[in-house]
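Hello,

Here is the structure I promised to pass on to you. Have a look at it first, and then read my notes below.

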Amino acid sequence: MFRLLIEILVGAFVGSIAGKIMDSKKGFWMNALLGIVGGFVGGYIGNLIGIGGGLISGLILSIVASCLIIWIVRKLKQ
């Protein structure tokens, strides 16, 4: 349970960073939600390809996946 809470908080942080990188106008809560989803997607993809076991590589994968998800959401909204 504690690990899930930490992952959600880190995902919110990652979403905030990704929102700033992508210049997202969605607001903190939407960026946090997209960051949480991006964190799970980035972790899953990292495990599939064999990277992402460390803190730094996991954060980088999560930020990249969150940026990708923000980009996808933008394209779907158009």
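To start with a term, a salt bridge here is a side-chain nitrogen of Lys or Arg within 4 Å of a carboxyl oxygen of Asp or Glu. Please keep in mind that this is a predicted model, where local features need pLDDT of at least 70, side-chain atom pairs count only at pLDDT 80 or more, and totals for chains, interfaces and linings use all residues. Residues are numbered from 1 along each chain as its sequence is written, and side-chain values use heavy atoms, with hydrogens and water left out.

By that salt-bridge rule, the count is one. The pair is lysine 25 and aspartate 23, whose side chains meet at 3.1 Å, N to O. In general, side chains of opposite charge can pair when their charged atoms come close. Aspartate 23 sits in the loop between H1 and H2, and has a positive phi of about 50° although it is not a glycine. Helices such as these are DSSP runs (H or I, at least four residues), numbered from the N terminus. Lysine 25 counts as exposed because its relative accessible area is 69%; the cut-offs are under 20% for buried, over 50% for exposed and partly exposed in between, with a 1.4 Å probe and protein chains only.

Now to the helices themselves. Alanine 12 belongs to helix H1 and is buried, at a relative accessible area of 16%. Its C-alpha atom is 9.7 Å from that of glycine 38, which is 26 residues away along the chain. Alanine 32, in helix H2, is buried too, with a relative accessible area of 5%. Between the C-alpha atoms of alanine 32 and valine 14 there are 7.4 Å, and the two are 18 residues apart along the chain.

What about the surface? Met30, Leu33, Val37, Val41, Tyr44, Ile45, Leu48, Ile49 and Ile51 make up a nonpolar patch there, with about 830 Å² of accessible area together. Patch members have over 30% relative accessible area and no salt bridge, and nonpolar side chains (Val, Leu, Ile, Met, Phe, Trp, Tyr) are joined within 5 Å, like charges within 9 Å. The areas come from the Shrake-Rupley method with a 1.4 Å probe, and for residues only the protein chains shown count as cover. One of the patch residues, leucine 48, lies in helix H2 (residues 28-49) and counts as exposed, as its relative accessibility is 58%.

Glycine 50 is in the loop between H2 and H3, and is exposed at 64% relative accessible area.

Finally, which helix gives the most to the lining of the largest pocket? H2 does, with nine residues, while helix H1 (2-21), H2 and helix H3 (55-77) each supply at least two. By type, the lining divides into ten nonpolar, twelve polar and two charged residues, where Ala, Val, Leu, Ile, Met, Phe, Trp, Tyr, Cys and Pro count as nonpolar, Asp, Glu, Lys and Arg as charged, and the others, Gly among them, as polar.

Best wishes
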